[in-house]
Amino acid sequence: MAINIHLKEEGGRLVVVIDGDLNNAATKQAVQSFAPIYQHTDCDVVLDCTALNYISSSGLRMMLDVYKHTRANGHDTILKHIADDVKEVFELSGFLQLFKVEN
């Protein structure tokens with residue numbers, strides 16, 4: 001399954017809608033889609049995981065890079081609507097404690 005990533009501004013935050021599986025192959029495509037995130041330094045970033053079915057270690061690394069960017073600029077990275085299976089991967093990696101989580 002291909003990965004689709006859409007960015008939009010909503011409520012003063014940058015929302016990144018992730019649809020599909022963020023596996024190793026999809027991560028290469030996703031890197032380009034994530035690039036505009038790094039132009040935003042003045043807001044929180046919401047990673048909308050409603051349609052994120054799977055995340056690999058390379059996908060986790062991308063999420064960590066987003067976290068580091070937003071944190072360095074004094075903002076938060078928020079995981080929104082994260083499925084239990086994907087949330088478990090974040091928990092096992094120890095990354096879940098870095099992010100805020102919203103339903």
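Visitor: Which strands does α3 lie across?

Guide: In this predicted model, α3 lies across β3 and β4, running at about 105° to β3. Axes here are lines fitted to C-alpha atoms, for helices over the stretch in contact, and angles run from 0 to 180 degrees between N-to-C directions. Helices (H or I, at least four residues) and strands (E, at least two) are DSSP runs, numbered from the N terminus.

Visitor: What should I know about the model and its numbering?

Guide: Residues are counted from 1 along each chain as its sequence is written, and side-chain values use heavy atoms, with hydrogens and water left out. As the model is predicted, local features need pLDDT of at least 70 and side-chain atom pairs count only at pLDDT 80 or more, while totals for chains, interfaces and linings use all residues.

Visitor: Okay, what order do the strands of the sheet have?

Guide: The open sheet has five strands in the order β1-β2-β3-β4-β5, with mixed pairing, where two strands pair if DSSP finds at least two bridges between them. The edge strands, each pairing on one side only, are β1 (4-10) and β5 (100-102).

Visitor: In which sense do β3 and β4 pair?

Guide: They pair in the parallel sense over four bridges, with β4 covering residues 77-80, and the bridge partner of Val-46 in β4 is Ile-78. α1 also packs on the sheet, where it touches β1, β2 and β3, and its direction makes about 160° with that of β2.

Visitor: How many residues are in the largest nonpolar core?

Guide: That core has 29 residues, and those with the most contacts inside it are Phe-34, Leu-47, Met-63 and Phe-90. A nonpolar core is a set of buried Ala, Val, Leu, Ile, Met, Phe, Trp, Tyr and Cys residues joined through side-chain atoms within 4.5 Å, and buried means under 20% relative accessible area, exposed over 50%, and partly exposed in between (1.4 Å probe, protein chains only). The helix α2 gives the most to this core, with six residues.

Visitor: And what is Phe-34 in contact with?

Guide: Leaving aside neighbours within four places in sequence, Phe-34 is in contact (heavy atoms within 4.5 Å) with Ile-5, Val-16, Ile-18, Leu-47, Met-62 and Val-66.

Visitor: Switching topic, how many disulfides are there?

Guide: There are zero disulfides, a disulfide being a pair of cysteine sulfur atoms within 2.5 Å. Cys-43 is in no disulfide, and the nearest cysteine sulfur, that of Cys-49, is 17 Å away.

Visitor: Is Cys-43 buried or exposed?

Guide: Cys-43 is buried, because its relative accessible area is 9%, and Cys-49 is buried too, with a value of 0%.
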